[in-house]
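Please look over the sequence and the 3D structure shown here before reading my comments. The points below are meant to be read beside them, one at a time.

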Amino acid sequence: MRIAIAGAGSVGRSIAGELVENGHHVMLIDRDPGAIKPERIEQAEWVLADACEVTSLEDAGLQTCDVVIACTGDDKVNLVVSLLAKTEFAVGRVVGRVNDPRNEWLFNESWGVDVAVSTPRILAALVEEAVTVGDLVRLFTLRQGQANLVEVTLPPTTSIAGRPVRDLNLPRDAALVTILRGGRVIVPQPDEPLEPGDELLFVAATEVEDAVREALM
């Protein structure tokens, strides 16, 4: 894919490096001359321009991109870039970085954002996932809040130990997608018995998360 990244700071460069290694064509855009460092990622295309200006984006060829990632350190800039990418250049997939969790509600279809990534929220979720046992932890939001990737680590005293997956009374809009057990990744089968310490990963609609929690009690 051809991917444009608005913001060539440390975050933008890290994303670009991963994407280049995966075989994608990456273009980094930044208006700060000090951020333009082609020697860091030689395979990427570097553009000195203001990503909030339509003419600059047109000259950079944003209309040819499959994905745009707005990942500057300024939420206002990321929203403007996302809106321009979607409305002016009809980019198929727009990812917006959220720096301040209080601004998450803005990062939606109205501003051209297909996927909002909140770094503070993700870090908080990873910390919770590492230390929380027995309760539901939301790891990632999918499709602008329509569904979430949630995790539950079964405690040593879990009452469902030894019971097969098919006995879980999950609500309609929730699915158990994998079981992490030690170093194994287990695709859940109906007869797979659950064990204390299992990490269960679900995809669930927001409104049924409480029902998922109750099913594991």
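**Notes on the predicted model**

1. The centres of domain 1 and domain 2, taken over C-alpha atoms, are separated by 34 Å. Domain 1 covers residues 2-117 and domain 2 covers residues 132-215, with the bounds coming from an automatic or database domain assignment.

2. A word on how to read the values: this is a predicted model, in which local features need pLDDT of at least 70 and side-chain atom pairs count only at pLDDT 80 or more, while totals for chains, interfaces and linings use all residues. Residues are numbered from 1 along each chain as its sequence is written, and side-chain values use heavy atoms, with hydrogens and water left out.

3. The protein contains five helices and eleven strands, where helices (H or I, at least four residues) and strands (E, at least two) are DSSP runs numbered from the N terminus. Its C-alpha atoms fill a box of roughly 60 × 35 × 25 Å along the principal axes.

4. Of the 217 residues of the protein, 44% count as buried, a term that stands for under 20% relative accessible area, calculated with a 1.4 Å probe and protein chains only. The protein exposes about 11500 Å², of which carbon and sulfur atoms supply 52%; these areas come from the Shrake-Rupley method with a 1.4 Å probe.

5. Which residues touch the most other members of the largest nonpolar core? In this core of 20 residues, they are A4, M27, I29, L57, L62, V68 and V81; a nonpolar core is a set of buried Ala, Val, Leu, Ile, Met, Phe, Trp, Tyr and Cys residues joined through side-chain atoms within 4.5 Å. Two or more residues each come from β1 (2-6), β2 (25-30), α2 (54-60), β4 (67-70) and α3 (75-87), and α3 gives the most, with four residues. A second, separate core has 19 residues, among them L136, V152, I160 and L216.

6. Leaving aside neighbours within four places in sequence, V81 is in contact (heavy atoms within 4.5 Å) with A6, A51, C52, V68 and A70. Across the protein, residues 24 or more positions apart account for 51% of the contacts with a separation of 6 or more.

7. The start of the chain deserves a look as well. M1 lies in the segment before β1, and, with neighbours within four places in sequence left aside, M1 is in contact with H24, H25, D66 and V67. The C-alpha atoms of M1 and H25, which are 24 residues apart along the chain, are separated by 6.1 Å.

Methods. Buried < 20%, exposed > 50% of the residue type's maximum accessible area, 1.4 Å probe, protein only.
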